[in-house]
Amino acid sequence: MIGRKREERSYRLPSSPAKKTPPAESRGLYSGYGGRYVPETLIPALDELEAGWRAARADESFARELNELLANYGGRPTPLTLTERFCPQKRIYLKREDLLHTGAHKLNNALGQIVLARRLGKKRIVAETGAGQHGVATATVCARFGLDCVVYMGVEDMRRQRPNVERMQLLGAEVRPVEIGTRTLKEATSEAIRDWITNVETTHYLIGSCVGPHPYPEIVRELQAVIGRESREQILEREGHLPEAVVACVGGGSNSIGMFAGFLEDAEVKLYGVEAAGASSLNSGRIAVLHGARSLVLADEDGQIADAHSISAGLDYPGVGPEHAALRDSGRVTYLTCTDDEALAAFERLTKMEGIIPALESAHALARALDIDESLLLVCLSGRGDKDLDEALAHLRSQA
Amino acid sequence: MSKKLIIFLMSGRQTPDLAEAAVEGGADLIELGFPFSDPLADGPVIRRAAEVALAEGMRTKACLECLAEIRGRVQTPLVPFVYSALLEAYGYQRFVADAHTAGAGAILVPDLPLDAHSELERIQLVAPTSTDERIRLAAETTDGWLYLVTVTGTTGARRELSSALAGLAARARQLAPPGLPLYAGFGISTPEHARAAAEIADGVIVGSRAIEVAEGGSDDLRRYVSSLRAAIDASGS
């Protein structure tokens, strides 16, 4: 499944007129977004990663190994659940990535990249984490394969996501607190990249979202595309036709790009990405360079990166994957926003009405699913909400 | 030919005074940092200096003014060290034009691979991880001299001079057009490091330690730069 080749994507706008030799920044581009804005030190490692990725994709044994892990270790396929009481006037299906091992979609990517890292002979893994879900997924696959694991996490996120910190440590990972700047995912990502620059010969950087320098956005998208592929088959089987709309939350954008990947070519399916209102790079960002890629970013007119604000640590990121920026420009995906309060209301509603506690990130998608026009919907429930209980309960109590 | 000494300073209100002191101490070239909020190539000292500079309002325009003021005071070449995010916002060609007007010679962009934006003339950087092919390309396209990044890592003082420098310098000598100056930077902080690096390369770049010393003022910086100068001049003798 992983090895399936896709044709040149129809939403990809023509790039600048053909030149004799394509400049380096034109590789890995989504309508001008993406590229490689990193120190020269990393270029050989990115070339090695890209070559390794192409070779893995062409090798059936890679797909076989990964699919076996996804099924028998991860628990795929994840079910599709039709909600009953959450919104009785609509048919809303939830893609249950919360039921994947470790409780979020992040494992799809972590498993794929760990298999790739092992093929590249890397013994040490570094990662960044915001909500802690990617850190947990990374620590999990490192435990499974016996690799050294270092996870960078902002101290503000460590406070908000205490259970995930403990989980990572129990799994044998070293969690390194990041105390600079915003003390959240943005700084944790910068620190992970700096670690990679320093230890590039022994280390694989297991990035958690479809951001970063080429080829990361492509690798993460393809590894998460399993969400969209499964969902499309499942809803066709259940409903006999495609949904009217697909909704997913967008931080860096990995669960959404994976979900959308299954439906991009189905022009009749509306696609909605939902950002946190205080971290809405696609609605209020500008073109800037962050973490090795050119994309839409919360930045000022000088290109200095601004702070994002969200109750959900996983969406609290000022950038977004370059493919999302291209999908916004082409109009194929509509990007909406959701406030902290709206997300909390949806969080509580799904819990009380369906007996499913969603991650606060996923609650952003749920909130917009309630009020968009379409009524046969597929929503990506990207993760479970156990990690958010303290934060959510504190806010809900203060509202009461 | 005497070896060159390059001192890195972060843009700021005191920087023209500091640049003057560095040149009096024997600096041949000043590299001027333009602060960026998320500098991937920099270690803790330069990151902190960037945070302070941004808090002081040192945005791109203010940094260009700082550059022009330094130009008015010293005769040495001035090289802006600027992340691509700032160029993306300001405009690549517009920046080069305005930096030239303000008195810069070449520019340095630490997070732009050497074959990206090839229309942009700049000083290229190569690292111990660079392949021969990329070192050759860097040497052919660089603007004046080639920056040898001595370590696989970010900027900042190290206890010892990187053992990777000798190998990198030897490869660069072989691959670069004859006579292209090779200057070594990253991790060089003491006169002993500077002397050892100057035995290998044509020039030595000192950043993080210079920033730390400069916190003590112009006199401290002048004395520190003089000590580096003396060490470099003693190299090869």
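**Figure 1. A salt bridge links B:Arg134 to A:Glu40.** The two side chains meet at 2.4 Å, N to O. A salt bridge here is a side-chain nitrogen of Lys or Arg within 4 Å of a carboxyl oxygen of Asp or Glu. Between chain B and chain A the count is 6 salt bridges. This is a predicted model: local features need pLDDT of at least 70, side-chain atom pairs count only at pLDDT 80 or more, and totals for chains, interfaces and linings use all residues. Residues are numbered from 1 along each chain as its sequence is written, chains are lettered from A in the order in which they are written, and side-chain values use heavy atoms, leaving out hydrogens and water.

**Figure 2. Chain B meets chain A.** Here 36 residues of chain B are in contact (heavy atoms within 4.5 Å) with 35 residues of chain A. The two chains bury about 2900 Å² between them, with 51% from carbon and sulfur atoms. Buried area is the accessible area (1.4 Å probe) that two parts lose on being put together, summed over both. B:Asp38, B:Leu40 and B:Glu88 supply 22% of the area that chain B buries against chain A, more than any other three residues.

**Figure 3. B:Thr60 sits in helix H3 of chain B.** That helix covers residues 60-73. Helices are DSSP runs (H or I, at least four residues), numbered from the N terminus. Is B:Thr60 buried or exposed? B:Thr60 counts as buried, because its relative accessibility is 2%. Buried means under 20% relative accessible area, exposed over 50% (1.4 Å probe, protein chains only). Leaving aside residues up to four places away in sequence, B:Thr60 touches A:Asp302, B:Phe34, B:Leu86, B:Tyr90 and B:Phe95.

**Figure 4. Two domains make up the division of chain A.** Domain 1 spans 37-70 + 106-216, and domain 2 spans 77-104 + 225-399. These bounds come from an automatic or database domain assignment. The contact takes 30 residues from domain 1 of chain A and 36 residues from domain 2 of chain A. The C-alpha centres of the two domains lie 22 Å apart. Together the domains bury about 2600 Å², 59% of it on carbon and sulfur atoms. In domain 1 of chain A, A:Tyr37, A:Arg160 and A:Lys186 lose the most area to domain 2 of chain A, together 24% of what that side buries.

**Figure 5. A:Arg160 and A:Asp316 form a salt bridge.** Their side chains meet at 2.9 Å, N to O. How many salt bridges are there between domain 1 of chain A and domain 2 of chain A? The count is 1.

Note on methods. Helix = DSSP H or I, 4+ residues; strand = E, 2+ residues; numbered from the N terminus.
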